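Open the model in your viewer and keep the selection tool ready. This tour goes from ring to ring, then out to the chain interface.

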Amino acid sequence: MKALIVEDNQRVAQFLKKGLGEAGYTVDHADNGRDGMFLAVSEAYDAIVMDRMLPGDVDGITLIATLRRDGCTTPILILSALGEVDDRILGLKSGGDDYLVKPFSIGELLARLDAILRRSQNRQIGNTLAVADLQMDLLSHKVSRGGKAVTLQPREFKLLEYLMRHAGQIVTRTMLLENVWDYHFDPQTNVVDVHISKLRQKIDAEAEMPLLKTIRNAGYMLTADA
Amino acid sequence: MRRRLSASNITASYVAISVVVLILFAAPILYAWDTIVEERSTERLREDGERLARVLDRHGPQALKTVIDAMVEAQPPGDEKFILLADPALHAQEGNLAAWPQSIPDNAGTSRISFTQAGKRIDAVMMRMPLSNGDQLLVGRNEARFASARTLFWVGLVGAAGAVLFFGLAGGMLIRAMLLAEVQGISRTAAAIVAGDLKRRLPTTGETNELDMLAQTVNRMLDQIEQLIRGVRNVSNAVAHDLRTPLTELRSRLEELTWSRPGADDVFPAIESAVQDIDRIIAIFNALLRLAEIDNGLSRSGFVTTSMTRLAADAVEFYQPLAELKSLHLHFSPSPEIEAAADPLLLAQALGNLIDNALKYATRDIRIAVQRDADARLAIIVSDDGPGIAAHERDKVTQRFYRGDASRGTPGTGLGLSLVAAVAKLHGGSLKLTDAHPGSEHPGLEIRLILA
């Protein structure tokens with residue numbers, strides 16, 4: 001996997017290089033919009049991490065809009081110190097695939113990068129999702145584990161569907177809040193954890209191998225790997 | 001260069017236009033007057049002359065002289081008609097002119113002449129008419145008869161033009177002076193505000209004229225600016241206070257590591273705690289930014305038609321498992337569908353904060369309701385059966401970073417209720433805190449998020 005980082009702050013760029021490197025990416029770095037543009041069009045990248053505010057005459061938003069106009073479809077994650085709703089909307093409208101506000105944790109960044117790369121162990125055959133012996137029928141809304149039916153509330157179904165679509169990837173609490181509940185704030189209590197443990201009760205309690213794992217300091221992952 | 005549209009320019013243009021209009025009005029009158037009077041008077045002279053010629057033809061020269069005498073005698077005073085009969089050598093024979101005037105042209109027809117009679121200069125229109133016996137007849141009319149009317153007209157015209165000029169210029173100068181005074185008032189006030197005196201306002205009279213309305217609008221704008229600036233000051237004070245505490249903790253934690261240099265087993269937990277400290281600071285920071293965003297009214301762009309019932313039901317469903325874990329009951333009876341224009345993301349966060357709060361303090365039951373009040377205002381109500389908030393503390397809990405005695409030691413940024421209050425304000429409403437069960441051992445707290 002090859003990733004391009006466009007970030008002018010040297011320390012943040014160093015941190016990103018190291019983090020992405022350890023996650024298995026080969027990383028190129030540009031510290032201004034012009035170099036970023038040159039690299040993005042001349043090399044083939046799997047993903048681009050783009051700072052929104054860049055020195056010089058080409059800022060992140062302009063760069064993304066130009067790349068998209070030229071037909072570039074590489075997934076782009078925008079990093080920005082501007083976190084207001086309108087800034088977020090502008091970033092996504094210009095062609096970014098996701099928007100992460102600084103300061104951020106590398107875990108959150110990697111999880112979101114995975115999500116926009118749509119890399120997943122999960123296989124979707126027709127209208128069913130499957131992870132190991134966990135099966136979900138998207139049409140009839142039926143879920144079974146090892147052949148035994150599991151009864152889920154509508155929201156639990158949505159939660160599990162999101163986890164299954166991103167099976168093998170770390171999914172953070174923020175991602176769950178945004179995508180399952182459409183909540184764009186951070187509840188001060190551990191509500192998400194409680195929802196997860198209820199779901200775990202239903203799908204993992206009677207199985208030999210638990211699928212829904214907690215990743216410390218990051219989030220959750222639904223995976224058949226030990 | 002574009003010409004400046006100042007009060008003096010407007011005045012000058014106004015006066016110029018008035019004068020042009022006056023000329024357009026007077027010129028045709030003057031022209032018509034001159035033409036008509038001239039024609040009529042010439043016609044009358046010709047009639048007189050022809051009548052006298054007929055007298056000569058029918059009754060002879062003696063009769064003509066008698067008639068001329070009679071006409072001159074019968075002439076009413078002021079109606080100065082001139083008649084003169086002269087022989088072919090132009091010697092005066094009969095009539096009221098002493099001699100044949102020198103300035104009469106040789107050929108027949110009308111002419112405008114001046115001559116002197118009895119020491120008086122006279123302007124007259126004269127018609128010379130040769131008679132059948134070779135004599136010459138002169139009939140004329142004194143112009144002075146009309147001169148006074150003409151003079152009167154001119155005096156009137158010049159007077160009117162003068163009045164237009166005077167009142168136009170004076171009025172213009174007056175308006176200019178008033179505008180200048182008003183504008184200088186605004187600019188003095190603005191200068192004072194720039195210099196830091198935020199309390200200054202423009203004087204208003206309460207009348208409904210344009211300038212006063214402008215002054216009132218400017219004052220409302222100044223109110224808003226003052227409020228915003230005070231908000232900024234409050235926030236920076238609060239930020240200074242509430243961010244310094246965790247930053248101090250973080251700093252001491254890290255500084256301790258630099259001098260104590262513990263082994264790897266102790267370093268990593270310490271680093272993890274430091275990261276948690278930072279996350280707490282970020283949470284406070286984000287809450288502050290969100291508050292500022294709401295206060296600025298920027299989020300009004302996110303208003304859409306929202307089902308309040310759906311929003312509340314979702315929030316209840318979201319917090320249900322947590323309530324069960326704490327052995328609390330969340331009661332929500334879905335009311336009939338209620339819709340309103342609102343920002344669903346912010347309302348969800350506000351309602352989340354309220355339920356979060358209630359979950360912290362309730363002993364057994366939490367009730368959530370969406371309803372229209374008696375005055376048709378939409379309210380989202382969250383009530384619990386906890387210790388409640390003393391009446392004197394209620395105003396303070398919505399202030400930034402205020403944390404009641406009961407809440408010390410519980411997690412939270414101290415910004416939860418201020419955010420709810422700000423969201424209510426953004427929707428044109430307010431926040432109302434009362435006892436949920438007045439008089440009871442656990443009075444509880446009922447919070448009404450009232451939307452406009």
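Rings of Phe, Tyr and Trp (its six-membered ring) pair if their centres lie within 6.5 Å; planes under 30 degrees apart count as stacked, over 60 as edge-to-face and the rest as tilted. Select A:Trp181, A:Tyr183, A:Phe185, B:Phe318 and B:Tyr319: ring pairs link them into a cluster. This is a predicted model, where local features need pLDDT of at least 70 and side-chain atom pairs count only at pLDDT 80 or more, while totals for chains, interfaces and linings use all residues. Residues are numbered from 1 along each chain as its sequence is written, chains are lettered from A in the order in which they are written, and side-chain values use heavy atoms, without hydrogens and water.

Zoom in on B:Phe318. Both B:Phe318 and B:Tyr319 are buried (under 20% relative accessible area, 1.4 Å probe, protein chains only). Their rings form an edge-to-face pair, 5.1 Å centre to centre, with 80° between the planes.

Now widen to the interface. Show contacts (heavy atoms within 4.5 Å): 24 residues of chain B touch 21 residues of chain A. The two chains bury about 2,200 Å² between them, 57% of it on carbon and sulfur atoms. That area is the accessible area (1.4 Å probe) lost on putting the two parts together, summed over both.

Last stop: select B:Glu272 and A:Arg216. They form a salt bridge, with the closest N and O atoms 3.0 Å apart. The rule wants a side-chain nitrogen of Lys or Arg within 4 Å of a carboxyl oxygen of Asp or Glu. Across this interface it finds 3 salt bridges.

Methods:
Buried < 20%, exposed > 50% of the residue type's maximum accessible area, 1.4 Å probe, protein only.
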